[in-house]
Amino acid sequence: MGYTLEVKPSQIPHEDAGQGLFIHGEADVGTVLAFYPGVIYSPAYYRYIPGYPRVDAQNSYLITRYDGTVINAQPWGAGGESREIWDGSSLPEPKHFMQADGKGSERIWKMLSKPLDGIRLGGNHEVLERRNPLAFAHFANHPAKDMVPNVMVCPYDFPLPEKHMRVYIPNISFGNGEEANMRRFGTFWFKSWKSGKNGLDVPVLKTLVLVATRAISNEEILLNYRLSNSKQRPPWYTSVDEEEDRRRWS
């Protein structure tokens, strides 16, 4: 490919920078540099994300696609030297909310805010190859002040028609094959269930990749995290473009 990726101490001048992602070699603008690995959660399964509802309190390896899909790279870590079997978790029977009194919305919020525990699935196993040399996007750091990002995040749907290629896609969907149609009412998501296929000819995994925004050579890979300006940002965060952030989060 002309380059390799390495995880090592970041060059960001902040004590919380930790590990960073580096490219050795060269890559042209538009090159897919890295995959964001881990467990994929559709909005129907948000309550199964560890730590829900404060999922980011102890996990800095979460990222969200434009369609609401969340990817948790924490279980992936730095990969490994073997193939692993992941058996997922199943959903309990869906609950139907009854019409409530004046404090009903508060009771519903408490119900929705309760995390759910996964139950082992029977027969739904996936084997993943953890030696993937590109599955390190979750180690890309946000640029420090006066530094410029050199990659952008892009959604990518991996098609899954060829079974022998499945082990090389560093993601797995949370769930047991059921589909949930999500309906939004205010700040709440509700789901109605249907089983079986989703009507698509080719099943896909909804993932994210990092794409070079300029020619890159032997340097640290930096991604604009674009954190919301409506919440308190961590002390290490410096906005790359405040105007862009206002447009995005307004």
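What you're looking at is a predicted model, so local features need pLDDT of at least 70 and side-chain atom pairs count only at pLDDT 80 or more, while totals for chains, interfaces and linings use all residues. Residues are numbered from 1 along each chain as its sequence is written, and side-chain values use heavy atoms, with hydrogens and water left out. Helices (H or I, at least four residues) and strands (E, at least two) are DSSP runs, numbered from the N terminus.

**Salt bridges**

- The count comes to 10 salt bridges, where a salt bridge is a side-chain nitrogen of Lys or Arg within 4 Å of a carboxyl oxygen of Asp or Glu.
- One of them joins Asp157 to Arg65, with the closest N and O atoms 2.9 Å apart.
- Asp157 sits in strand 9 (residues 151–159) and Arg65 in the loop between strand 5 (62–64) and strand 6 (70–72), so this pair ties together parts that are 92 residues apart in sequence.
- Another salt bridge pairs Arg214 with Glu219, and here the closest N and O atoms are 2.6 Å apart.
- Arg214 is partly exposed, at 35% relative accessibility.
- Glu244 and Arg226 also meet through their side chains in a salt bridge, at 3.3 Å from N to O.
- That pair links distant parts of the chain, 18 residues apart: Glu244 is in helix 2 (residues 242–249), and Arg226 is in the loop between strand 14 (216–220) and helix 2.
- Glu244 is partly exposed at 21%, and Arg226 is partly exposed at 28%.
- Shared partners also build a network, in which salt bridges join Arg65, Asp67, Asp157 and Lys206.

**Nonpolar cores**

- A nonpolar core is a set of buried Ala, Val, Leu, Ile, Met, Phe, Trp, Tyr and Cys residues joined through side-chain atoms within 4.5 Å.
- The largest one has 32 residues, and Leu5, Leu21, Ile23, Leu33, Leu210 and Ile221 touch the most other members.
- Two or more residues of this core come from each of strand 1 (3–9), strand 2 (19–27), strand 3 (32–35), strand 9 and strand 13 (204–212).
- Strand 13 gives the largest share of this core, 6 residues.
- Apart from this core lies another, of 14 residues, among them Tyr48, Val55, Trp76 and Leu128.
- Contact means heavy atoms within 4.5 Å.
- Setting aside neighbours within four places in sequence, Leu5 is in contact with residues including Leu21, Ile23, Leu33, Pro133, Phe136 and Ile221.

**Strand pairing**

- Strands of a sheet pair through backbone hydrogen bonds, either parallel or antiparallel.
- Two strands pair if DSSP finds at least two bridges between them.
- An open sheet is formed by 3 strands in the order 3-13-9, with antiparallel pairing.
- Strand 3 and strand 9 are its edge strands, each pairing on one side only.
- Strand 3 and strand 13 share 3 bridges in the antiparallel sense, and Phe35 has Val209 of strand 13 as its bridge partner.
- Elsewhere, strand 4 (residues 38–41) runs parallel to strand 10 (residues 171–173), joined by 3 bridges.
- Strand 4 is also joined to strand 6 by 3 bridges, and these two run antiparallel.
- Ile40 stands opposite Ser173 in strand 10, and Ile40 also stands opposite Ile71 in strand 6.

**Two loop residues**

- Asn132 lies in the loop between strand 8 (126–129) and strand 9, and counts as buried at 11% relative accessibility.
- A polar atom of the Asn132 side chain lies 2.9 Å from the backbone nitrogen of Leu134.
- The backbone oxygen of Tyr168 is likewise 2.9 Å from a polar atom of the Asn132 side chain.
- Beyond neighbours within four places in sequence, Asn132 is in contact with Phe35, Tyr168 and Pro170.
- Ser228 is found in the loop between strand 14 and helix 2, and is buried at 14% relative accessibility.
- Leaving out neighbours within four places in sequence, Ser228 is in contact with Arg233 and Trp249.

Technical notes: Buried < 20%, exposed > 50% of the residue type's maximum accessible area, 1.4 Å probe, protein only. Polar contact = N/O pair within 3.5 Å; in protein donor to acceptor, adjacent residues only side chain to side chain.
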